[in-house]
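Please look through the sequence and the model shown here.

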Amino acid sequence: MNIAQIETFLDVANSQNFNRSAENLSVTQSAVSTRIRALEETLGVTLFTRGRFGAELTSSGAKFRQYALQISDVWRQAREELSLPRGYEGVLRLGTQFSIWEKFVNSWIIWMSERYPSIALHVEADYSISMMEQIVQRMLDIAVMYQPRILLDIEITKLFDDVFVLVSTEPCDLAGLDRDKYVYIDWCLGFRHAHAQVVPELRARRLTMGLGTMAIDYLNTKGGSVYLPAWRARKLIDDGGFFRVKGAPEILQPVYAVYRKEASRSEIYEGAIESLRAFAPSYSEMMASCLSAPEGL
C-alpha cells in the first residue's frame, strides 16, 4: 500500500469511473486499474464493483474510504511540516467557523504572526462537526466554533457570545415582516433551537442558505430579511441598505475554543490558546457597541 494507491482509490470513489480518474490523475486507465487491484490484494477485499454504469464502492470499500481520507490527510500534514521554508520551526493549524473569521480570528492571526514569526500558520473555515473530527484526528490544533462535543481528552473553553439580530431591506417591525421573503441561515444546531423558540412564526422557511454572504448578495437583489451577526448587521445598516427589524429578539450563540488536552504543550501552543482568551473581551465589547449604536441597532 502506498499514497498513490490511496489517492487513486479516493479519486475513483468520487468519480465512480476508472477512465475519468485516469484523466484526473494524468495517468493511464491501466495504471488506475493496477493501483486499485494492488490495494485490494493488500487489504484482501474487493473495493469496487465494476459495471456498465461505472465503479461503485462495495461495503468494504465504503468502510475503507474513511481510513483512506485520514491517511491522505496525515500525508498532507506531514508533507506540509517537512516542506516548511527555511527558518520556520513548525505549523500551527487553526479551524474557524465561517462567520467568526472576519472580526475575531483575523485579528488573532495578525497577532500570532507578529508574536511568533518563526511559526507557519494554516487557517481554514469549516463547520463544527467537521472541525471536531479534525481535532480528534489531530488534523487541527485549535478550532473556534459554535457547537463543540464533549469528548475524552478534548478541552473546551468558552470565549464569548455571538449575537445575531434580524435585519430587513425594508423598515418594519416583527409583526409586519414579510415572512415569505425571510431567508433562514442554519448557523448551527444551537442557533436552530433558539430560533425555533424565540421566533416560532419564522419556522416555516421558503428559502434557506448556508452562508451569510450568500444571503446578503441575494437580499441586495431580491429584498427580504435574515438573522446576521450584530457586527455585520451594523455595517449593512450604516451602508443604508438594511434596517433592524423592530421588536425582533436577539439570538445568542456561544463561541468556544476547542483543542486537545496534552500533558506538555509548547510555548507557542499555550500562547495561541491564551491569546484567543485575551482577544475574546474585545470582541464582546465590539459587539456591545454595535448593539448600542444609534439609529438602527
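## Overall fold

The model is predicted. Its secondary structure comprises 10 helices and 11 strands. The C-alpha trace spans about 70 × 50 × 35 Å along the principal axes.

Of the 297 residues, 43% count as buried. Among contacts with a separation of 6 or more, 72% are made by residues 24 or more positions apart. The accessible surface is about 15,700 Å², and 50% of this belongs to carbon and sulfur atoms.

## Helix α3

Helix α3 covers residues 29-43. With 15 residues at 1.5 Å a residue, α3 should span 21 Å, and the 21 Å between its end C-alpha atoms agrees with this. Its buried residues are Val32, Ser33, Ile36, Leu39 and Glu40. They lie on the same side of α3 because they cover an arc of only 130° around the axis. In general, residues three or four places apart in an α-helix point the same way, because there are 3.6 residues a turn.

Gly44 follows α3 and has a positive phi, near 75°. Ile36, one of the buried residues of α3, is 193 residues from Pro229 in sequence. The C-alpha atoms of Ile36 and Pro229 are 48 Å apart in space.

## Helix α6

Helix α6 runs over residues 128-136. Ser128, Met131, Met132, Gln134 and Ile135 are its buried residues. Seen down the axis, these fall within an arc of 165°, so they line one face of α6. The cover over the buried residues of α6 includes strands β3 (90-97), β4 (119-126), β5, β6 and β11 (251-260).

Which residues does Ser128 contact, leaving aside its neighbours within four places in sequence? They are Gln97, Met145, Tyr146 and Gln147. Ser128 has 5% relative accessibility and therefore counts as buried, the cut-off being under 20%. After α6 comes Arg138, with a positive phi near 65°.

## Helix α9 and its surroundings

Helix α9 spans residues 230-238, and its buried residues are Ala230, Trp231, Ala233, Arg234, Leu236 and Ile237. What do the buried residues of α9 pack against? The helices among their partners are α5 (101-115), α8 (212-222) and α10 (267-292). The strands are β6 (154-168), β9 (225-229) and β10 (243-244). Just after α9, Gly240 takes a positive phi of about 95°.

Pro229 belongs to strand β9, which is one of the elements that the buried residues of α9 pack against. Its relative accessibility of 2% makes Pro229 a buried residue. Not counting residues up to four places away in sequence, Pro229 touches Ser99, Asp162, Val163, Phe164 and Trp187.

Met287 is located in helix α10, another element packed against by the buried residues of α9. Met287 counts as buried, at 2% relative accessibility. Leaving aside neighbours within four places in sequence, Met287 is in contact with Asp162, Val163, Ala230 and Trp231. Ala230 and Trp231 are among the buried residues of α9. Asp162 and Val163 are also among the residues touched by Pro229. Met287 and Asn17 are 270 residues apart along the chain, and 50 Å separates their C-alpha atoms.

## Positive phi in two loops

Most residues other than glycine have a negative phi. Gln16 is not a glycine, yet its phi is positive, at about 60°. Gln16 sits in the loop between α1 (3-15) and α2 (18-25). At 43% relative accessibility, Gln16 counts as partly exposed.

Asp153 also is not a glycine and has a positive phi, of about 70°. Where is Asp153 placed? The loop between β5 (142-145) and β6 holds Asp153. Its relative accessibility is 38%, so Asp153 counts as partly exposed.

How values were computed. Residues are numbered from 1 along each chain as its sequence is written. This is a predicted model: local features need pLDDT of at least 70, side-chain atom pairs count only at pLDDT 80 or more; totals for chains, interfaces and linings use all residues. Side-chain values use heavy atoms; hydrogens and water are left out. Helices (H or I, at least four residues) and strands (E, at least two) are DSSP runs, numbered from the N terminus. The expected span of a helix is 1.5 Å times one less than its number of residues. Buried means under 20% relative accessible area, exposed over 50%, partly exposed in between (1.4 Å probe, protein chains only). The arc is that of the directions from the helix axis to the C-beta atoms. Contact means heavy atoms within 4.5 Å. Accessible areas come from the Shrake-Rupley method with a 1.4 Å probe; for residues, only the protein chains shown count as cover.
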